[in-house]
Amino acid sequence: MSKLNESVNLIIRSLRRFISLSFILAVMILMVRLFELIFVSNYYNYPPGSFFVLLGGLKFDIILYLRISAFLLIPFLIIAFFSQKAARIFFISVSVLLILGDMLLLKYFSTSRVPLGVDLFGYSIAEIQHTVQSSGELKILPFVFMALFLIYMVRVFKKHVYFKLKPWMMAPITFIMFISLLPLKFFEPQPSRFNNEFSMFAATNKLFFFGESVLNHYLNKEKINEQVYEFKTVTASDNSSFNYLDKEYPFLHTESTPDVLGEYFELGDTSPNIVLIVVESLGRAYSGEGAYLGSFTPFLDSLMNKSLYWENCLSTSGRTFQVLPSTLASVPFGENGFAEMGENMPDHISLISLLKKEGGYESSFVYGGNAEFDNMNIFLKRQGIDKIIDEKEFDAGYEKLPATSKGFTWGYGDKDVFRRYINELKVNTGRPRMDVMLTMAMHDPFNIPNQEYYLKRFNERINELNLSDKTHTFNHGYDKQFSSILYFDESLKYFFDEMQKLPTFSNTIFIITGDHRMPEIPISTQLDRFHVPLVIYSPMLKETKKFSSVVTHFDITPSIVALLDGQKIISRPKVAAWVGHGLDNYESFRCLNAYPLMRNKNEILDYVDSERMLANNIVYQIYDNMDIEPENKATLQPDLKAELNNFISMNYYACKNNKLIPDSLKKYTVFNP
């Protein structure tokens, strides 16, 4: 009996010590919030109104404290049974590491304006180092505070006095700790309670977000990936229909994409050149008529008026990693992005490979940075690209973007990318061409050539626009970002001015779109991060038109292939595995088809079906201005979640097992393993 009493007393003493230590951890977590509230939000220029948003985030800090305590309690008691000192060292060590992680995640958020989640594990060490180096000028003061804070934290832990809690007080505290682990809605941030996405992420504890993201991913990944997908033989809409052919190849369908572009073009006898310009971070929030932050692309706006222009195009990912596979091949995502599979990418048909095989096209890719980033070079080589021109292929006549204080630069600016392409074009072989360019200046750290001039242009432009006082004030918080947009726009004007001097200009189709919306200017909604313009311009256009129908990057290749097939320039295959249905040329707002969207590497969380969007398990109604509001119909969420999970299972099976296309279609590919 005495041994039992001794054990009980040991547990009570250990629990008292644990709760006492956990109170200090709670104070430290709240001090990180105070650090963000007073210092970081001002130092990193959070939008107006962030103070009260951050103050409301104390709720998530408390929940984080309770959850960490619940996870640490059992191992602490077990270790304390053998050594009280070892248990204390265990708790202090874990707490210091977690607080350090919380501060580093806060630093990431303050720069990128989006919290870091499981997408961290989708990048290689080299890519992470590359991205960290690019994160603007080194601001040493936050790190000094961080170091002093951690030193202080260890001292407090070392010298703290245990609270003499009564046993009856410890029971409810422990109970609340374990209650916090329940998946209750109250514990999660609800988007409907925030004015915009940035406010929701600012309020959320960054360590809380990271932990939730990692935990949800690894708990659900295998279950969803490995589940047997439901094979549907037909999906139909007013615009197009897919007749799926074989469960073994879940994306394979009859290729019947309607030629909606043909009626607008008058192509000549010669195969047209095609130029795809993918613009880093070109979002609709600040480009085109009706941009809610005002348009900072006056030249591109003028081009839209002479083009086929889709104002409601969606990128298929929230980062650059998926833009080439989606726009050029309309392929699914794989686990971390299609190109991330590297040499294990499943066989597939792309616009480049099809034009090379069927039309004798020559192709190139021009990028001012390192084409190995995001495996772009591997993906393009799989298409049979004839030439990759990246930073290694720019000579002394070109100048890199201004470096940060750490000496880092992403590579060459937009104007030099365009100039490099034009110089390459001047030694054209005479064969029809399919060329791709990817810009980079609209990317953190937003250092551009002649920066003072473009900052002045920003001030001139913002005064030209009829903006509300609130928007005017907001925009002034992001002068470097907006000045980089103006730099791109003037570079694009230079490109078209020079292209018009070349004989090939009159026989070229230009496609311009953004890879995603810029996150460093706070994002308003879950859909806003994907909202980009899509412009198709050509001197061969018979008619110009603006369309408000919702389309995606997945739809570009099927429609270009349908156009060229309709004009007898190529003969398209009878079956294909495109994810996209083709562009919708309906002038009013509508969304006919279903599209999965990959927010970050490792995370397929978003799904658009007709005029509803599933994001973070919440269903939204999409309106004609691309605003979204939570939808209250309880039956919608399970249906959309089931559709998204079914796509994820199909995606995983087809990409892992090389089941996108059968052997009979490999004649349209270039890669031969």
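Visitor: What are the ground rules for the numbers?
Guide: The model is predicted, so local features need pLDDT of at least 70 and side-chain atom pairs count only at pLDDT 80 or more, while totals for chains, interfaces and linings use all residues. Residues are numbered from 1 along each chain as its sequence is written, and side-chain values use heavy atoms, with hydrogens and water left out.

Visitor: How many salt bridges are there?
Guide: The count is 35 salt bridges, each being a side-chain nitrogen of Lys or Arg within 4 Å of a carboxyl oxygen of Asp or Glu.

Visitor: Which residue does Asp 347 pair with?
Guide: Asp 347 forms a salt bridge with Lys 666, with the closest N and O atoms 3.1 Å apart. The two are 319 residues apart: Asp 347 sits in the loop between helix H11 (323-329) and helix H12 (351-359), and Lys 666 in the segment after helix H19 (636-656). Helices (H or I, at least four residues) and strands (E, at least two) are DSSP runs, numbered from the N terminus.

Visitor: Is that Asp 347 buried or exposed?
Guide: Asp 347 counts as buried, at 6% relative accessibility. Lys 666 counts as partly exposed, at 27%. Buried means under 20% relative accessible area, exposed over 50%, and partly exposed in between (1.4 Å probe, protein chains only).

Visitor: What about Glu 490 and Arg 457?
Guide: They form a salt bridge, the closest N and O atoms being 3.4 Å apart. Glu 490 lies in helix H17 (residues 479-499) and Arg 457 in helix H15 (residues 451-464), so the pair ties together parts 33 residues apart in sequence. Arg 457 is buried at 15% relative accessibility, and Glu 490 is partly exposed at 27%.

Visitor: Where do Arg 461 and Glu 464 lie?
Guide: Both are in helix H15, 3 residues apart, about one turn of the helix. Arg 461 is buried at 13% relative accessible area, whereas Glu 464 is exposed at 53%.

Visitor: Switching topic: where is Asp 609?
Guide: Asp 609 lies in strand E15 (residues 606-609), and is buried with a relative accessible area of 19%.

Visitor: Which residues does Asp 609 touch?
Guide: Leaving out residues up to four places away in sequence, Asp 609 touches Asn 593, Ala 594, Leu 640 and Glu 643. Contact here means heavy atoms within 4.5 Å.
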